[in-house]
Amino acid sequence: MTNLQIQLTWEDPTTGERREPTLNVPIAFGREFARLPAEVNGQRVARMLLNSNEISRYHALIAWENNQFVVIDQGSVNGVLVNGQRQPRSVLNNGDTLQIGPYIMMVTLASNATQAIPPPTSYPSLIQFNPHTNIPDPSLPPARPVTPLGSNFPPPAFQVEQQIVIQALHATGLPVDEYDYLAVGGGLGSFIWSDLLRISGVRAEKIAALGLEPDPYARYKRLCLNSQIPLYERLRSNSDSCPDNIWGWPSYAWREAWHDLTKGKPNTALQYLWQVFGEPTFAETYTPRATNVFDSIDREAKRIGWSQIYRYGRVRAIRKTDDGRYCVAYSRGQGNHAFVVCRYLHLATGYPAIQFLPDLQAYREKYQDFKSVVNAYEAHDHVYEQLERQGGTVLIRGRGIVASRIVQRIYEARRKNNNITVLHLMRSPKPQGNTFQKATRLVKNHYEFQPFNWPKSCWSGELRVMLEQATPDERKRLLTEWGGTTTADRQDWQQITETGLKEGWYQITFGEVLTVERDAQNRTISQIQEKGFGQMKLVADFIVDATGLDAKVQANPLLDDLVKHYNLPLNYMGRLAVANNFEIPEMRNGKGQMYVAGAITLGGPYAAVDSFLGLQYSALVAVDGLATARAPGVHRLNPFSSFGQWLKWVSNQSPS
């Protein structure tokens, strides 16, 4: 029998790394290699390990039955979704979306007997393309073509043309939807922009948002849980930085105080209000609970009609059109792909990837060990479960907010098993905090403290204005002086560190890693160059990389393609260069405008771009730009209309 193959394409949900393996069927998926079958019906099985607690030990199987590829759920807890629908057994077609736990894979069918013909280098239009041969054929009628993923979708014109001809787009026979406003990303940035459009008068049917998960906070929530911030814990966010409420009133502190007051808890209610009044000099900075944030977003999503705005789709390419708009090519499963055409486009893709230290990535690739070396943002509860059972040593890399939360989680594990040691490896000592003008940040035990990820006046005060007016070189200097890795100034975290140092189970080491290897007992050995001394080895059962997230354009295939196709400028941090209203001027297309938000703009006119308030600010100035351009349905908010919309928010009425 001819070896039948499937290509699976996905972006790792934790690292953001793109994977495109081509595998012979049958293919078994699961969390534990030993539980996956080696053979099925005499056929050798390709075994795929998926590293997530949402994956069952033996989750699913792709097999060849009755001349069809079939995916079969193996009694998993979370099931198998094909094109968004849970299916115990389903036939797979070209372009289908297969979801197993957090892994969302696009399916391409192939066999050894079928060789893909490379796409041509240039075509005058979309309709002059034979979908079966990849050869231009002007005589073809404008019928719906077969569009296997990866060969001719997006069509070849997307590779060569600066502007896509709208008429030719329709001639492909693929669905083409048109909206005034389109948000690409589908996360918090898209949600906040859509929310502000709705408040400014735009009807829900005029807006679309493309993304992979219907809850706009889904990925953010997953990263929080993975980095050991459970729903009852508090986020590093300001009290009045509310993704569900552009007015910021009532703030999270007022809401939580009112809730506790109505539950007969006046002391805690007053404590929250005192925190806001006295922070940070007399009290610790107030931050909201994760569950309160997510619940409030759910409420606002229902109010603005997010379920009508959101559409499932993996965006493949963005291009200008010949009529002053933008075309977005996206895949939505079921072997069909589609286009959306819009006049105003908002790009908020979030962090493209999790930042993984090169030496740790090299270790994982060499030993195929995804259990001992983990990233703090990927699912790694097994680390703490094993520590609680057996004890052990953990090496932590990085010293920011995530590292502090990991130390807290290990401290909690020590209550069940005190035979746990923490080695905290830092690149260099931190005797003094960053200084700007007369201000110097507090440092204790080489941790630099700051309530949020930037000085508070970066959000709406003097530093925001200073950065907005600065030249690119001045922005680089300012962001360097204001920035750096910091953690929250929390007394409980400082006490944990002090206790650990005093009792000896927490140790801080400085140096640069040379190599990471594995010994005969399957422990990790980090060879480091210690500052001022020489080389030494750190032996640990687990290594947790808590160095953060990566937002460089090259880490995102969609952004990388857009930048290269239109030769867009990048700022000194490798992010998208934007105007002060977060528009990409080079992408202006007649009346069409493209705006960007989030971490992919850091290094531009605003520092705290990846915060709740930063996303709200970028949306606010972007919608102001739309109002100036007389975009349809957008009415600039004034004191009267804003107050009216706030009353609708309070009473949970639709904006329009």
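## Two oblique helices

Helix α3 (residues 188–199) packs against helix α7 at an angle of about 45°, and their axes lie 10 Å apart. The two helices are therefore oblique to each other. Angles under 35 degrees count as roughly parallel, over 145 as roughly antiparallel, 65 to 115 as roughly perpendicular, and the rest as oblique. Axes are lines fitted to C-alpha atoms, for helices over the stretch in contact; angles run from 0 to 180 degrees between N-to-C directions. Helices (H or I, at least four residues) and strands (E, at least two) are DSSP runs, numbered from the N terminus.

α3 passes α7 in a left-handed crossing. That means the near helix is turned anticlockwise from the far one by less than a right angle; clockwise would be right-handed. On the α3 side, L188, F191, D195, R198 and I199 make the contact. On the α7 side, the residues are I297, E300, A301, R303 and I304. Contact means heavy atoms within 4.5 Å.

## Basis of the model

This is a predicted model: local features need pLDDT of at least 70, side-chain atom pairs count only at pLDDT 80 or more, and totals for chains, interfaces and linings use all residues. Residues are numbered from 1 along each chain as its sequence is written, and side-chain values use heavy atoms, with hydrogens and water left out.

## Salt bridges

The structure holds 31 salt bridges. Each is a side-chain nitrogen of Lys or Arg within 4 Å of a carboxyl oxygen of Asp or Glu. One sits inside α7 (residues 290–304), where R303 and E300 are three residues apart, about one turn of the helix. Their closest N and O atoms are 2.8 Å apart. R303 is buried at 5% relative accessibility, and E300 is buried at 0%. Buried means under 20% relative accessible area, exposed over 50%, and partly exposed in between (1.4 Å probe, protein chains only).

D359 and R397 also meet in a salt bridge, at 3.0 Å from N to O. D359 lies in helix α9 (residues 358–367) and R397 in strand β24 (residues 392–397), so the pair ties together parts 38 residues apart in sequence. D359 is buried at 18%. R397 is buried at 7%.

R57 and E32 form another salt bridge, at 3.1 Å from N to O. R57 lies in the loop between β7 and β8, and E32 in the loop between β4 (27–30) and β5 (39–40), so this pair ties together parts 25 residues apart in sequence. R57 is partly exposed at 40%, and E32 is partly exposed at 30%. Elsewhere, a network of salt bridges links E233, R405, R490 and D492.

## A five-stranded open sheet

Five strands form an open sheet with mixed pairing, in the order β7-β4-β8-β9-β12. β7 (46–49) and β12 (89–92) stand at the edges with a single partner strand each, so one side of each has no neighbour in the sheet. Neighbouring strands are turned by 25° against each other on average, direction ignored. Two strands pair if DSSP finds at least two bridges between them.

β8 (residues 60–65) and β9 (residues 68–73) run antiparallel and are joined by six bridges. The bridge partner of E65 is Q68 in β9.

## Helix α4

Helix α4 spans residues 218–226. Its buried residues are A218, R222, L223, C224 and N226. They pack against β22 (353–354). After α4 comes Q228, with a positive phi near 70°.
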